[in-house]
Amino acid sequence: MNPIRLATNCVVTLGLLSLVSCEPRVAQPRSLGYELVTTYPHDITASTQGLLLHEGVYYESTGGYDQSTLRRVDPESGRVLQLRHLPVNAFGEGLALLDDRLFQLEWTSGTGFIYDRESFNRLGEFQYDGEGWGLAWDGNYFVLSDGTATLRFMDPDSFTVARTVTVRDHRGRVDELNELEFIEGKVYANRWHHDDILVIDPISGNVEATLDLTSLERPRPRDPESVLNGIAYDPKTRLLHVTGKCWPRVYVLRVME
């Protein structure tokens, strides 16, 4: 019994039962290049889960039970300018900025934390279903990843889900989506245990391009969990800042088509 593949990426199995399964057809993503502009030092104890750049400084969320932090960091020196520890039973994840408030995910509790950007005082909490991995602000909604192929677009006031998209490339669904950044109308995403950054259309969920960063940080830290994770963007210079969990460097890249 041979399946028949239709032009729409539907598979029909002929036999006693006829089953039809369909996946939208997605073009193969184009490959992006990059130029290494510079590197900055990075704290090797910082297991980066969320990274953003605002007014010339990094804001970073780090993970690990009894190790998770929120921090403000000077890029050029790597010096931690401000630090707040999370509760010992919390595992910090994605981080996003809206106005003067920082929103930080926690991995498994379904509860995130809201801070004043300047003082790091906690202003409140927010709730979401399931796990929290990556978080970004697209100008209208928070975009949340949970380690699956689904991105959730969430209302900034109620944190209810306004819509979802399933991320796909030419091979099918793309899961293990992790740290996120919204850049010039696209969602940039790390994948857990992968060395490429995905450029995702936020409407269709299609992966439009990939940025292969396999050559960065060699040799890698010995811990197999010290993977590429951390995407920040400077709209003034249009440079991409990337790092990994417990990496000794942040890489500043000029991305090229």
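**Cavity, pockets and strands**

Guide: Happy to, and keep in mind that this is a predicted model. Start with the lining of the largest cavity, whose residues divide into three nonpolar, two polar and three charged.

Visitor: Which residues line the largest cavity?

Guide: The lining consists of Pro41, His42, Asp43, Glu60, Arg71, Val73, Gly78 and Val80. About 40 Å³ of space lies inside, and a search of the whole structure turns up one cavity of 30 Å³ or more.

Visitor: What makes it a cavity rather than a pocket?

Guide: A cavity is a set of points where a 1.4 Å probe fits but cannot get out, whereas a pocket is an open set.

Visitor: Arg71 is in that lining. Why is Arg71 called buried?

Guide: Its relative accessibility is 7%, and buried means under 20%, so Arg71 qualifies.

Visitor: What surrounds Arg71?

Guide: Arg71 sits in strand β7 (residues 69-73). Beyond its neighbours within four places in sequence, its contacts include Asp43, Tyr58, Tyr59, Glu60, Val80 and Phe120.

Visitor: What makes the pair Arg71 and Thr69 a polar contact?

Guide: Their side chains come to 3.1 Å, and the cut-off for a pair of N or O atoms is 3.5 Å, so the pair counts.

Visitor: On to the pockets. Which residues lie nearest the centre of the largest pocket?

Guide: Those are Leu53, His54, Glu181, Tyr233 and Pro235, out of 20 lining residues. The elements giving two or more residues to this lining are β5 (48-54), β9 (92-98), β13 (134-137), β19 (177-183) and β23 (228-234). The pocket holds about 520 Å³ of space, and by class its lining has 11 nonpolar, three polar and six charged residues.

Visitor: And what is the volume of the second largest pocket?

Guide: About 370 Å³. Its lining has 16 residues, with Glu184, Tyr188, Arg238, Val255 and Glu257 nearest the centre. The largest share, three residues, comes from β25. By class, you get nine nonpolar, no polar and seven charged residues.

Visitor: What about β21 and β22: parallel or antiparallel?

Guide: Antiparallel, with five bridges joining β21 (residues 196-200) to β22. Val199 stands opposite Ala209 in β22. Six residues lie between the strands of this hairpin, and there Gly205 has a positive phi near 85°.

Visitor: Which residue other than glycine has a positive phi near 55°?

Guide: That would be Glu217, in the loop between β22 and β23. Glu184 has a positive phi too, about 45°, and its place is in the loop between β19 and β20.

Visitor: What makes Glu217 buried?

Guide: The relative accessible area of Glu217 is 4%, and the limit is under 20%, so the label holds.

Visitor: What makes the Arg218 to Pro219 bond cis?

Guide: Look at omega: for the peptide bond from Arg218 to Pro219 the angle is near 0°, and the bond is cis. Pro219 is found in the loop between β22 and β23, where Glu217 is also located.

Terms used
Residues numbered from 1 in each chain as written. Predicted model: local features only at pLDDT ≥ 70, side-chain atom pairs only at ≥ 80, totals over all residues. Heavy atoms only, no water. 1 Å grid on protein atoms, 1.4 Å probe; cavity = no way out; pocket = protein on both sides within 12 Å on 5 of 7 lines; lining within 4 Å. Points joined across faces, edges and corners; volume = space filled by probe spheres on them. Nonpolar A, V, L, I, M, F, W, Y, C, P; charged D, E, K, R; others polar. Pairing = 2+ DSSP bridges. Helix = DSSP H or I, 4+ residues; strand = E, 2+ residues; numbered from the N terminus. Buried < 20%, exposed > 50% of the residue type's maximum accessible area, 1.4 Å probe, protein only. Polar contact = N/O pair within 3.5 Å; in protein donor to acceptor, adjacent residues only side chain to side chain. Contact = heavy atoms within 4.5 Å.
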